[in-house]
Amino acid sequence: MPKKTDINKILIIGSGPIIIGQACEFDYSGTQACKALRKLGYEIVLVNSNPATIMTDPDVADRTYIEPLNVSRIEQIIEKERPDALLPNLGGQSGLNLCSELSKAGILEKYNVQVIGVQVDAIERGEDRIEFKNTMNALGIEMPRSHEAYSVEEALKIADELGYPVVLRPAYTMGGAGGGLVYNVDELKTVCERGLQASLVHQVLVEESISGWEELELEVVRDAKNNKITVCFIENIDPIGVHTGDSFCSAPMLTISKEIQDKLQEASYKIIEAIEVIGGCNCQFAHDPVSDRIVVIEINPRTSRSSALASKATGFPIALVSAMLACGLTLDEIPCGKYGTLDKYVPDGDYVVIKFARWAFEKFKGAQDKLGTQMRAVGEVMSIGKTYKEAFQKAIRSLETGRYGLGFAKNFHEKSKEDLMMMLNSPTSERQFIIYEALRKGATIDEIYEVTKIKHWFLQQMKELVDEEEALMKNKGAVPDKPVLLQAKLDGFSDRYLSKILEVSEDEVRMKRYEYGIKEAWEGVHVSGTKDAAYYYSTYHLSEDKSPCNTDKPKIMILGGGPNRIGQGIEFDYCCVHAALALKKLGFESIIVNCNPETVSTDYDTSDKLYFEPLTLEDVLSIHEKEKPVGVIAQFGGQ
């Protein structure tokens, strides 16, 4: 199916200011969309209120409006620009909500603007809790038992029928805003009142609690010919009860059977066909490992934080492809060097990706460090390794919290097993570090599972790291022999952390490692929809380096900003992106090192070469020694 010829000018709505649950991943998706659509020959009008974004640069769209994102202002822009189409599903919840409001106000019909990518009634079927429930019932796909409420009184009656605890989910919100898990009448009154105010349609779904179940996500893509592919299978390591934005997760799924994955894929395909999504869609499920019951929690018929993660985890540029599909192209028409065409795509990388959230509870006096169904994270990191252990430990040192391993965080190692187990009763941002010390103090995997519902396999992996660390610490004061040091590096232990537990300098660890010939090698993640583009990750599991090294141009390395945090956000990514573009123009080969999957700087073609790596001395020094740049720019990556 060729691209649409009945439209020439497309309006794209951005996501507005950065808030918890809606961050720079939408700058990434919006920038990708503009890039794709202009390449197809369309004229792009962009409206966004956030100036600290790449998408609002004057050369990204044909015309850019930095204006408030409300119905009256968008109508003024539509009246002036007369776009043929509106693409709303790349601006997060803001874009979808505005599209619904513009439609209800009759503005789209008045100016003859067609909605592409997702239909207005499809937004309601995906976002309105009642419509979504009705659609799922028609498809025969089970959901948690629930009823909608439009007042606190209605919610109280429903909760009595379902039995406490219950989950409150406001309609048309993001990041779990206004919702939560409530255990009694008083909590319900407080949270429900907040949820009704947060919802665009003053609607809250009161839902049975399925806390402790496995939470599983699929990123799927559909085109106008009804071709459907699964870009990524994501397993949340934290169980249901912790918002996916806060949950520690892996791609691919590491403990879920092929049979269950097939069932999830079948259900996802039914849903996106019924909702009539064109482009990317995030589908979230819960699975009870005891009864084997599977329920769908919700879908996001738009690009999201998860789609940015899935894109970087697999090399499949979801937003870019979604924009092309919205304009009539189909997956079988988009060439790809690895698969022929994108309809043949399968997520087949032989590596493990870990996402770990970054929080900022310390910035808010009196804020309780407690995780639930409302998102608290202000940023996240992504790491890639050949094994779960390697990727997990890389994620920890990517966080830039002063921790280079899992042990000896705060004073947890000084506490008793009993105290540590008490601390695990409620999920917190420190949960993984507390589990590590509890295992060191003799807590069993069964005991920790009963409290946290984190699966045995993941706890066993951590127990093996604890045992390895304990064995290393028996020989303090010296760097261990080659086989022992090699195993530690294969399992992700950083030089900095080894120096701490062995009580030697980091230089001593590094020099002994070099003497043994233990060095990182790099491998590429192929970018789908391109002939041979890739970005690179390091591992100690490769015997040979698979990352080509160009020598024809002088190189400059740019150190990225790492995870978003309060005081260091999208503005630093903006600076890094512009540095890379300027260096290209000056004839240098630009190399970016960063670990934040939400960003434009970690888009494969922003720089000449991208390393998806932690910003630590060990990791950056290894890249420096390999690439031998003439200079390194550190000032644009924030503190």
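Modeller: One term before we start: contact means heavy atoms within 4.5 Å. And keep in mind that this is a predicted model.
Colleague: Okay. Which helices do the buried residues of helix 18 pack against?
Modeller: They pack against helix 14 (431-440), helix 16 (456-473), helix 17 (482-490), helix 19 (506-516) and helix 21 (617-627).
Colleague: Is helix 18 largely enclosed or exposed, and why?
Modeller: Six of its eight residues (495-502) are buried, so helix 18 is largely enclosed by the rest of the structure. The buried ones are Asp495, Tyr497, Leu498, Ser499, Ile501 and Leu502.
Colleague: What comes just after helix 18?
Modeller: Glu503, which takes a positive phi of about 60°.
Colleague: Switching to rings: how many aromatic pairs are there?
Modeller: The count is 15. One of them is Phe493 with Tyr497, stacked at 6.2 Å centre to centre with 15° between the planes. Both Phe493 and Tyr497 are buried.
Colleague: Which residues do ring pairs link into a cluster?
Modeller: Phe248, Phe356, Trp359, Tyr388, Phe392, Trp457 and Phe458.
Colleague: New topic: where is Arg565?
Modeller: Arg565 is in the loop between strand 21 (555-559) and helix 20 (570-585).
Colleague: Buried or exposed?
Modeller: Arg565 has 15% relative accessibility, and buried means under 20%, so Arg565 counts as buried.
Colleague: What does its side chain reach at 3.0 Å?
Modeller: The Arg565 side chain reaches the backbone oxygen of Gly561 at 3.0 Å. There's also a 3.0 Å polar contact between the side chains of Arg565 and Glu400.

Technical notes. Residues numbered from 1 in each chain as written. Predicted model: local features only at pLDDT ≥ 70, side-chain atom pairs only at ≥ 80, totals over all residues. Heavy atoms only, no water. Buried < 20%, exposed > 50% of the residue type's maximum accessible area, 1.4 Å probe, protein only. Helix = DSSP H or I, 4+ residues; strand = E, 2+ residues; numbered from the N terminus. Polar contact = N/O pair within 3.5 Å; in protein donor to acceptor, adjacent residues only side chain to side chain. Phe/Tyr/Trp six-rings, centres within 6.5 Å; stacked < 30°, edge-to-face > 60°.
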